[in-house]
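Thanks for coming. I have one structure to go through today, and I will keep it short.

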Amino acid sequence: GVTGVQTCALPISMAATVGSAHQSAPINPAKTYTVAAGVNFDGSKDGGNGVLNGFTLAPSDQALAASSSEVLQALNDEVMVYSATTGAPEGAPFPKSARSFFNIPNPSPAGCSTLPGSAPFLSDPRAFYDASADRFVVTILELEGFYGINNGCTQVSREWIAVSQTGSASGAYWIYHFGTLAISGGVPADYPTLGFDANGIYFGFNDRSEERRVGKECRSRWSP
């Protein structure tokens, strides 16, 4: 059960760094925003993980973000980009493994991971497109050494964030990350949530005690 709400402060320097890469203007209340039906198409399936990563995860958690020209889909552990007008995959360099997309190193010490290729354990992707800033934002959670995951590795509970450098989902990204253990009393994060407004990007986590399995929400905010 939820036992309380904890507000988590991130280091000012880290907040300033993210803010410099992501600044959005308020939505214009006088502007008319319209929604139109678009093309229907099949996204990526969990089988793609086997090709990219050498393993699959169940359930294949997924995230979706769309601009007027592109659709980005993130899974455990794969990132794809499609044309929003035709539904066709945009091709190289996608599809990408999440590990490659976020440029995540192998967990330490060397060889501690039980996954193929000594891969990190990644799950719970999230994504959105900020129309005001014309930027895609994609996040994913890394866990090592908790819940029976890569038990021989140094304990890690880390949120990775990718912010597109332009309005293109298939272009270059700025990559950031922050650890959650310091802001949660050493309890690993689970089931991250993601939101944004003109002032910042917001994260929520379930902090589950290993002993009591008690859920606690931790709200973090990054702002420019």
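I will start with the chain as a whole and then turn to its disulfide.

This is a predicted model, in which local features need pLDDT of at least 70 and side-chain atom pairs count only at pLDDT 80 or more, while totals for chains, interfaces and linings use all residues. Residues are numbered from 1 along each chain as its sequence is written, and side-chain values use heavy atoms, with hydrogens and water left out.

The protein chain has three helices and twelve strands; helices (H or I, at least four residues) and strands (E, at least two) are DSSP runs, numbered from the N terminus. Of its 224 residues, 45% are buried, where buried means under 20% relative accessible area with a 1.4 Å probe, protein chains only. The accessible surface is about 10,900 Å², and carbon and sulfur atoms account for 53% of that; the method is Shrake-Rupley with a 1.4 Å probe. Take the contacts (heavy atoms within 4.5 Å) between residues at least 6 apart in sequence: 51% of these join residues at least 24 apart.

Now, how many disulfides does a search of the whole structure find? One, with a disulfide taken as a pair of cysteine sulfur atoms within 2.5 Å. C112 and C153 form the bond, with their sulfur atoms 2.0 Å apart. C112 sits in the loop between α3 (98-101) and β6 (122-130), and C153 in the loop between β7 (135-144) and β8 (156-164), so the pair, 41 residues apart, links distant parts of the chain. The torsion about the S-S bond of C112 and C153 is about 100 degrees, so the disulfide is right-handed. Both ends are buried: C112 has a relative accessible area of 11%, and C153 has 6% relative accessibility.

Methods:
Buried means under 20% relative accessible area, exposed over 50%, partly exposed in between (1.4 Å probe, protein chains only).
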